Amino acid sequence: MKLINPKISVVMPVYNQAAFICRAIESLRLQEFQDWELWLINDASTDDVTSAIAAYLADERINYLQNEENMGLGVCLNIGLAKARNEFIAYLPADDVDYRDHLRLLLNKLICDDDAVLAFSGVRHHYNRFSYGYLEGYALQLLQVLHRKTSDTWIERDELVTDDLARMFWNKLAKAGNFIGNGNITCEWVAHPHQRHKIIKEPIGGINRYKLYYGVKKPLRYHSTVGNLIDEIEYFKKFQARNKEELPTKDSLKILLVGELAYNPERILALEERGHKLYGLWITEPYWYNSIGPLFFGNIEDINVENWKRKIEEIKPDIIYALLSWQAVPFAQEVLMNNPGIPFVWHFKEGPFICIEKGTWKQLIDLYTLSDGQIYSSPEMRDWFAQFVAEDNRDLLVLDGDLPKKEWFTNEVSPKLSEVDGEPHTVVPGRPIGLHPNTVAEMASHNIHLHFYGDFTHGQWKEWIEGTKQLAPKYLHIHSNCSQEHWVKEFSRYDAGWLHFFKSENQGELMRANWDDLNYPARMATLGAAGLPMLQRDNAGHLVATQSIVKKHGLGIFFSSIDELSLQLNDKENVKHLANNVWQKRMLFCFDHHVDKLVCFFQQVIRNKKVSGSTVKQ
């Protein structure tokens, strides 16, 4: 049915797009269809958006609103929908562009179909690429659509953060009618580093980058289109109310954490539980898996990176504890070189080879040679560095870097799957490194099952999954990611778990060792918590960190062929014996088990620093 004098309300959310916004508004003003109003919602931008648009506010069709604090895309869009006075709704993000026939063609398409609730155009994207409908791998983008106004609302930040616009709104709208495309390229989705989906989606973006960019200082429910659900609200609930009234003891330390915490950040609560005061000075450009503040548990006081030197002088921490992965190396070294004399400990849980690749080897060597104490993730890592970094009687400790906290080591043990079908069931929580499709097929020929966990990892290993399913369709099982609170209940169903499966080639020579040889993979703690024997290739005659620790404590199964693996997994009594032993020793993989040793190490470094009176030489 043709409407008389149809009008359009255009909603424009903006955050820190002062450089783009004039172009966006001008593209709207040049539309062939001119019967529109614009609701521009400034989501507390920190650049000068207001000045950039000042000249446009004389146009009575343009309405300008400003949030006092950043509220997120969903809130801005809902404000626009609530203010909109017209029957048809379009969107124009401040960094995008409409071509002059955009509104006219969308409106003509929509009003000619009474059953349609939304019309969408084709879009130019990534500068010189075009799509005549849905972009591959994406939902419809805001600037592509025109829809009838309904009572539906967008999902807001307090509910969920996601880059999936279908989940945020389009799926709701689809229940009211059809979506129809007009087949015309009438707008441009402008590609640049600060597009919202790039800030959200791993591995380019992620929850830490999102929080930093938008200034978010509260826990979130977060789920990007390629990652696992991160529910910080639920995850940290059991830790939030802790130690709020606890006063430091006379022996407590003021500990300044510098860098990032990688996985299992809640582990550092074990330091607070012993009465120590924690401060955080974090890297400013974390990757999606780097945990930084603000942390939503305990009483950790964050330091502003812009005035950290002055703040350290005020706080006078007893020790600086710098950690953990390669991304933290440049900033940790900067703090070390500008350290006013505070005892400084460096803890590295990363392959040193990546620092050579990234150009930060010099900074890493500074951290090992100029710090007052060093913590190595494995004895093999310690010995590798000792080849060319003189110890000079410095303080050393060996401690895996990102061990989980004791709360995840529950007693919720599940029955074994093998008790039902009589066949061995193994699990890989993460990347199936070294388990090639033909390897899994050979396992299947011996009735050995492989259970593969991890949504994000599945996306990275899609071809591997497809190839392996063709070779071993009944013996590869795909599962969603399993978070810490379910580790024991979920993984205890299996008979054994895979560590990284690789063939060492160092022949017992440290200089030949690579990261596979030196590393304790994070999954060791996952398997240990569930009491699972750990599977790995027999690398006898080579220096391999996982081989050493598993042999020392009797935690796993070594084999040179799948035939040999099958024989050992079918030795039910031995597998049961190993599982019992892992269960008895599983706290070796818990941070709380080692925290007193860590504190003693800090105190030793402090004492030795006082005796030596040494300071870092610039």
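A disulfide here is a pair of cysteine sulfur atoms within 2.5 Å. By that criterion, the search of the whole structure returns 0 disulfides. Cysteine 590 is in none, and the nearest cysteine sulfur, that of cysteine 600, is 17 Å away. Seen from cysteine 600, that distance is too far for a bond.

Some ground rules. This is a predicted model, in which local features need pLDDT of at least 70 and side-chain atom pairs count only at pLDDT 80 or more, while totals for chains, interfaces and linings use all residues. Residues are numbered from 1 along each chain as its sequence is written, and side-chain values use heavy atoms, with hydrogens and water left out.

Back to the cysteines: buried or exposed? Buried means under 20% relative accessible area, exposed over 50%, and partly exposed in between, with a 1.4 Å probe and protein chains only. Cysteine 590, at 1%, is buried; cysteine 600, at 47%, is partly exposed.

Next, the rings. Rings of Phe, Tyr and Trp (its six-membered ring) pair if their centres lie within 6.5 Å; planes under 30 degrees apart are stacked, over 60 edge-to-face, and the rest tilted. The whole structure has 40 aromatic pairs. One of them joins tyrosine 210 and tyrosine 214, tilted, at 4.8 Å centre to centre and 50° between the planes. Tyrosine 210 and tyrosine 214 are both buried. Another tilted pair is phenylalanine 385 with phenylalanine 388, at 6.0 Å and 55°. Phenylalanine 385 is buried at 0%, whereas phenylalanine 388 is partly exposed at 36%. Both belong to one aromatic cluster, whose members include Trp346, Tyr368 and Trp384.
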